[in-house]
Amino acid sequence: MCCESKRRFLLLYATQKGQAKAIAEEIRQQAGAQGLEADMHCISEMDKYNLETEKDPVVIVISTTGTGDPPDSARKFVKKIQDKTLAPDHFAHLQYGLLGLGDSEYMFFCNGGRTVDRRLQELGAQHFYDTGLADDCVGLELVVDPWIDGLWVALKEALQLQKEKEGMNSAVDAVSSSISTAPHAVPELKLSSEVQNLKLEDEGTRASDILSQKLDDIDLVAPARDTEPSLVHSVPPLSQSALNIPALPPEYIEVEFQDTQGENPCLSSLISEGATFEVPVTKAVQLTREDAIKTALLLELDIADTAFEYQPGDAFCVICPNNVSEVEELLHILGLYEKGDDFVCVKVKQDTKKKGASRPQHIPERSTLKFILTWCLEIRAIPKKAFLRALVECTSDAGEKRRLQELCSRQGASDYTHFIRDSNVCLLDLLHAFPSCKPSLSLLIEHLPKLQARSYSVSSSNLYQPGRLRFVFNVVEFPASPSRSVSRKGVCTGWLSELVAPLLHPSKNSLDTKGESSSSEKISIFPRPNNVFHVPADPSVPFIMVGPGTGISPFIGFLQHRQKLREQHMDWEFGETWLFFGCRHQDRDYLFKQLQCFLENGTLTHLKVCFSRDSSTAEVAPPKYVQDVLRLCAKEVARVLLKERGYFYICGDKKRMADDVSDAVVDILSMEMEADKLEAMKILATLREAKRYLLDVWS
């Protein structure tokens, strides 16, 4: 129950990986110091709140997943409010403020939040506070922090107006007083991001969650001789500045070691997305040569004895562990190496000051310590500022303490972005850089996010290879840097490459199903269907596929599926198919040279390839990138899209390819239609709306 002495507002969050929930929890924590009570719920818990009858202001924090979808937890809510029978004044009584989270590397930036915001407006709801759109590409905190700062004045004003409407005149004076005495009120804060300008009211310094620290409050060490800042060292003016640092997050987890033995939970219990399947790896092929810049692997899984279903274009998720050596290293630093196999019980501290504290859902109530660090916590996660603030209290060296304070402070925002966020620094890197920092196990459980399953595009067709599922990936490499002394491989791709090393065939670039190896290795997977990235339902409709590098993966499934359909339905009419593929070197990383087979049997009508790093002696240099090849085929591309109402698919790297391909398509439409660029962009937007221009991209 909410405390009667505090004014209530409803706080809803919709999260995919935990960031929106963490921000909502921060809002709830700060609300108490503002004399407010946040009634917080996941947006999926529609039995615990009712927007149709809600009288208090509503604050919504919502992320975006995929290529612009609302998070899974918001799907039912979005479906409900998109009911076309709802009246335009359905939410006329509702006042709300919305904070959207997204990544401008993706085409539909913050589309989860935008979708909800737009629909609430269409149904008559009113903003009591401007919408904020935070960009993970440049740092969520650049928008999130000032948005939260300005929230309190707007909330109190909304609550004051609400009381006046309700005739509660006795309570108006108290709220008015709290607003008028807000310290250091700033008329307007203008924040520019790459996406939009956000204008907010700033309430100024918050007594409960910002500690203003002066230099004489901190026992500073003698200045270092370095003139350049680093992860462990700052320079003026930051090194001489007073700091505004976040309040210390309240502790809420308690860990008890137990003498009893038992079994760890099964991996499926860690997943809330539905059924999981443990399946054997039946084949592994290295598709690239040893001297290629990236190592690409093809893995085949046996799903014959399972209920796992998929279509070409779907994705699925692999449940993966943290690196064994990194877990052991962390246990050593924590002084818990000898207790790694001991069972621990994780529960909420009875005397915690954290509002609504509960054991994180991804942490078993009882398991071994090693199980938690291996399968439950993302130990590679980039530490949030709240985590850095908590680590300050675990650090004994004065200089290290000061530097951690700087990195989590307002004044140190630039250093945080450069030396932690952009450098992909993780907890282990921090513990090596700040050796006097000795956090507790409970602190790690409180602040490290859930270890996420990794998503991969299916690279096969169940029609072509019944009972088999294939996927292709590059083994991700993170080189050493000034902030990180060691190189690392991706959490999942590194684990998979080690797991299948005994299975690996030499590079054959083969699509055949022969040469399977018997294997006892199994991995746990669960489906993640793609609602739109499928071949056209009408086989007579032509389509274009653009997939350089491992972006070709889903299109192998498309072509296998099409080949089987052609064999089974010889009387059907099939539209033409185009594939644009590119890689660095023809002899090193041309992943599927047997694409030629699809050409020869008529499954693939046109194959266009390019090699960006190969030298050429031709008088006219060949195109290097897929977008260049597209421009050379401008008339055909325009014909397929405009005259024949075909489909256009892009899969691959967002930053280095997908945007350039979109620019090329705009140029093609503009040139072939003899229209200006703006008109061509509108046509492309129409294709997207019609689900005929589809992307499966990553950053």
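Hi everyone, let me start with a charge over a ring: Arg 566 lies over the face of Phe 574, at 5.9 Å from the ring centre. To count, NZ of Lys or CZ of Arg must be within 6 Å of the ring centre and within 35 degrees of the ring normal. Lys 339 also has its charged end over a ring, that of Phe 257, 4.7 Å from the centre.

A quick word on the model. It is a predicted one, where local features need pLDDT of at least 70 and side-chain atom pairs count only at pLDDT 80 or more, while totals for chains, interfaces and linings use all residues. Residues are numbered from 1 along each chain as its sequence is written, and side-chain values use heavy atoms, with hydrogens and water left out.

Now, the aromatics. There are 23 aromatic pairs in the structure, where rings of Phe, Tyr and Trp (its six-membered ring) pair if their centres lie within 6.5 Å; planes under 30 degrees apart are stacked, over 60 edge-to-face, and the rest tilted. Phe 128 and Tyr 129 give us a stacked pair, 6.4 Å centre to centre with 20° between the planes. Both Phe 128 and Tyr 129 are buried, meaning under 20% relative accessible area, with exposed over 50% and partly exposed in between (1.4 Å probe, protein chains only).

Phe 277 and Phe 308 have ring centres 5.6 Å apart and planes at 80°, so that pair is edge-to-face. It links distant parts of the chain, 31 residues apart: Phe 277 is in strand β12 (residues 277–286), and Phe 308 in the loop between β13 (296–302) and β14. Strands here are DSSP runs (E, at least two residues), as are helices (H or I, at least four), numbered from the N terminus. Phe 277 is buried at 15% relative accessible area, and Phe 308 is buried at 5%. Have a look, too, at the aromatic cluster of Phe 533, Phe 543, Phe 555, Phe 558, Tyr 647 and Tyr 649.
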